[in-house]
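Biologist: Could you open the model, so that we can go through the chain contacts and the packing together?

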Amino acid sequence: MTDTIQEEQAVQSELTAKFPALGGAIRIQRSRRIFARIPHEQFHDCFDYLVKDMKFNILTVITGTDEGESLGVMYHLSRESRIVLSLFTTVPKQNPVIQTVTPYFPAADAYERELVDLLGFQVQGLPPGFRYPLTDDWPAGQYPLRKDWKPSPAAPPTQAEKNEVKDV
Amino acid sequence: MPVLEKVVTWARIKSPWILHFNSGACNACDIEIIAALTPRYDIERFGIVLKATPRHADVLVCSGPVTHQIKDRLIRIYEQMPEPKFVVAVGTCACSGGVFKGCYNVSEGVDSVIPVSAYIPGCPASPAAIIDGVAKLLGSLKQS
Amino acid sequence: MFEKPVQVPIGPQHPALKEPEGFIITLSGERIMRAGVRLGYNHRGIEKACEERTYIQAIYLIERICGICSHSHATCFCQTVEEIAGLQIPKRAAYLRTLIAELERVHSHLLWLGVAGHEIGFDTLLMYTWRDREIVMDLLALISGNRVNYAMNTIGGVRRDITPDQIQQVLKGVDALEERTKYYITVATDEITLIKRLSGVGLLSHDDAIRLGAVGPTARASAVAHDVRRDDPYAAYEEVSFKVVTDNHDDVYGRTLVRVGELMESYSIIRQILKDLPDGPIAVKAPRKIPAGEAVGRYEAPRGEDLHYVRANGTEKPDRVKVRAPTLANVQAVAHMLKDRYLADLPIVVAAIDPCFSCTDRLITVEDPDRRTPGVMTWPQLRQYSLDWHRRRGVDFTHLNKTFRTDKTR
């Protein structure tokens with residue numbers, strides 16, 4: 001397998017031409033790895049184009065992040081050639097509403113439920129189902145993956161806090 | 001419990017019926033527990049038999065740090081076991097929470113939820129260590 | 001068509017006593033109308049915990065996501081961090097990572113064969129495969145110091161080297177394993193009872209496999225020719241030649257054939273790795289603070305594609321670690337495979353995606369419109385129901401359990 005980035009460059013050109021908002025925000029990290037950032041207003045058109053027109057018909061996972069003032073969500077897409085295009089967008093933390101992508105990817109609901117439970121996203125259109133991965137009695141408004149969230153004071157400190165940080 | 005049943009139950013302690021339960025472990029200890037049953041280690045030659053229901057079990061062999069999801073079920077299983085009953089915590093996570101100690105959603109090992117009779121550390125505990133630990137538990141019971 | 005109702009044993013636990021994990025099955029007669037899976041019993045908060053640890057400390061946690069494929073997760077994580085840091089690991093380290101990776105695949109697939117045997121009542125297969133698996137457990141303990149959780153990786157390479165004597169022992173062990181595996185292939189291709197039991201079960205078409213995001217042997221048995229080792233190579237996979245094993249049965253039988261085929265490929269890869277093992281260091285020094293950046297790492301774990309996303313922020317602790325283990329990708333496919341199928345096939349269909357053990361320790365909630373209250377079964381109860389159901393239909397492993405041998409005097 002050679003490490004050319006011809007396909008990646010073609011993807012970059014086509015996407016930037018179609019969605020100028022991506023200009024400068026789409027980079028090829030190495031062969032088979034593209035990272036792109038798009039404002040939420042253009043996210044759905046871009047996502048639709050990627051999946052339907054550019055045949056990125058595999059969703060490997062969705063990563064949610066806490067960006068401080070906003071919440072971030074990254075969709076790691078792939079297609080037959082197996083390159084990975086990670087498309088990132090943000091929504092305000094005060095109103096973290098996104099749309100489900102289950103119409104494109106029926107198996108995306110597990111990943112979307114994680115966004116709801118662990119970061120506090122609201123995913124519109126998410127099909128009914130059990131929450132995941134937290135229990136039904138988990139207290140509302142507690143989102144473990146948010147940066148400012150710590151377990152309750154009663155919980156013991158982590159090993160990292162107890163130990164001195166040192167190399168192995 | 002009628003006298004005859006008590007005698008039968010105590011006799012079984014010499015060759016206990018065990019129930020294996022995973023309380024949110026990574027499976028490393030679980031596969032070593034099952035390896036203990038396979039020909040190379042063959043824990044069954046000690047008369048130890050794996051059972052499928054708590055109502056027939058004398059010894060609960062428990063792996064994992066006890067996640068929040070599973071805590072109630074672990075307690076319920078313990079309550080369903082008839083007396084006399086014993087609990088063996090297999091693996092460092094079951095003993096103390098292991099590497100997951102302090103993580104949200106995780107208790108600090110099995111004895112934070114139910115009483116434990118024997119602790120077998122290791123990450124994972126090897127089949128030899130598991131057999132050793134169970135044998136020691138049985139030995140201490142015979143003495144008492 | 002109306003089916004005569006069969007008594008489905010329902011356990012004593014009342015489902016109203018919230019059991020927040022397991023399978024939720026809606027039955028009609030003996031058939032599953034709908035299957036739901038609720039996960040989360042294994043959720044330990046590892047991703048969050050990684051943010052509170054250094055990269056080296058995080059490796060210890062990541063390794064313990066799953067004890068069966070711990071090297072897979074640890075290697076994938078290290079690769080991802082190394083990419084962010086711009087580190088090129090030495091060739092010898094890449095080869096050693098590959099060696100452990102394939103030994104792990106061997107132990108995992110043999111483990112799976114035994115578990116699958118147990119689920120269908122072919123317990124002799126469990127005893128033989130797990131006995132043979134001890135050969136590879138010994139090799140892993142020899143090289144790494146532990147039977148499980150090998151701790152071979154560090155950021156920048158591997159932590160332990162291999163001696164010429166150990167290499168010889170690995171080669172001897174692989175020869176023995178290959179001989180045994182040939183018997184398992186014979187069983188898989190010749191034993192009518194096994195073929196009958198596994199064929200047509202857990203059907204997943206090629207298109208559904210892609211649509212539902214299935215990975216690993218589960219997808220390859222539906223002719224989805226994807227293997228990260230070939231399509232997105234890492235470690236030393238570009239230096240070795242191997243086949244991507246696929247099958248087009250679309251069923252559990254196909255998944256069995258793919259796994260035994262992969263075992264043979266693993267033995268070949270291990271021999272190539274050891275034959276061409278380059279000299280040199282086993283690690284490069286990695287900075288404690290990883291420069292700001294992000295990367296996506298992928299790895300072909302025994303169960304399928306493992307994907308890690310890591311974001312670094314210039315400190316000694318990761319900013320974000322996201323792990324997508326292969327089993328999560330296969331869960332939707334399983335729910336689909338169970339629909340319109342017999343309840344008696346649930347154990348082997350679930351087992352055939354090779355889930356973590358804890359998946360199969362869960363309770364099964366059974367809702368049947370013909371009875372008013374739903375009930376709960378334990379996995380052992382469901383397995384017994386399944387064995388009895390198949391026995392009534394002439395699929396019985398009693399004879400094979402008595403006669404199956406893997407030594408030469410068969």
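Predicted model: local features only at pLDDT ≥ 70, side-chain atom pairs only at ≥ 80, totals over all residues.

Biologist: How many residues of chain A are in contact with chain C?

Modeller: The contact joins 33 residues of chain A to 38 residues of chain C. Contact here means that the C-beta atoms of two residues, placed from the backbone, lie within 7 Å.

Biologist: Which elements give two or more residues to the side of chain A that touches chain C?

Modeller: They are β2 (33–37), β3 (58–66) and β5 (84–92) of chain A. The largest share, six residues, comes from β3(A). Helices (H or I, at least four residues) and strands (E, at least two) are DSSP runs, numbered from the N terminus.

Biologist: What does that side have by class?

Modeller: The side of chain A that touches chain C has 19 nonpolar, nine polar and five charged residues. Ala, Val, Leu, Ile, Met, Phe, Trp, Tyr, Cys and Pro count as nonpolar, Asp, Glu, Lys and Arg as charged, and the others, Gly among them, as polar.

Biologist: And how many residues of chain C are in contact with chain B?

Modeller: There, 32 residues of chain C are in contact with 27 residues of chain B. On the chain C side, the elements that give two or more residues are α1 (46–51), α2 (55–63) and α5. Of these, α5(C) provides the largest share, four residues. By class, this side has 15 nonpolar, eight polar and nine charged residues.

Biologist: Staying with α5(C), at what angle does it pack with α4(C)?

Modeller: Helix α4 (residues 91–120) and helix α5 (residues 123–144) of chain C pack at about 165°, with their axes 8 Å apart. That makes α4(C) roughly antiparallel to α5(C), and their crossing is left-handed. Axes are lines fitted to C-alpha atoms, for helices over the stretch in contact, and angles run from 0 to 180 degrees between N-to-C directions. Angles under 35 degrees count as roughly parallel, over 145 as roughly antiparallel, 65 to 115 as roughly perpendicular and the rest as oblique. A crossing is left-handed if the near helix is turned anticlockwise from the far one by less than a right angle, and right-handed if clockwise.

Biologist: Which residues meet there?

Modeller: Among them, C:L103, C:V106 and C:L110 in α4(C) meet residues of α5(C) including C:L126, C:W130 and C:V136.

Biologist: Is the crossing of α2(C) and α3(C) left-handed or right-handed?

Modeller: The crossing is right-handed. Helix α3 (residues 70–85) of chain C packs with α2(C) at about 150°, their axes 8 Å apart, and the two are therefore roughly antiparallel. C:Y55, C:I59, C:I62 and C:E63 of α2(C) make the contact with residues of α3(C), including C:F77 and C:V81.

Biologist: Strands now: how many residues of β6(C) are buried?

Modeller: Nine of the nine residues of strand β6 (residues 304–312) of chain C are buried. A residue is buried if 20 or more other C-beta atoms lie within 10 Å of its own, exposed if 12 or fewer, and partly exposed in between, with C-beta atoms placed from the backbone.

Biologist: And which strands pair with β6(C)?

Modeller: Strand β5 (residues 293–301) of chain C pairs with β6(C) in the antiparallel sense over nine bridges, and the two form a hairpin with two residues between them. C:R298 has C:L307 as its bridge partner. Strand β7 (residues 320–324) of chain C also pairs with β6(C) in the antiparallel sense, over five bridges, with C:V310 opposite C:V321. Strands pair if DSSP finds at least two bridges between them.

Biologist: Where is B:P84 found, and what is its peptide bond?

Modeller: B:P84 is found in the loop between α3 (71–80) and β4 (86–90) of chain B. The bond from B:E83 to B:P84 is cis, with omega near -10°. The bond from B:C123 to B:P124 is cis too, with omega near 0°.

Biologist: What is phi of C:A151?

Modeller: Phi of C:A151 is near 50°, a positive value in a residue other than glycine. C:A151 is partly exposed, with 19 other C-beta atoms within 10 Å.

Methods. Residues numbered from 1 in each chain as written. Chains lettered and ligands numbered in written order.
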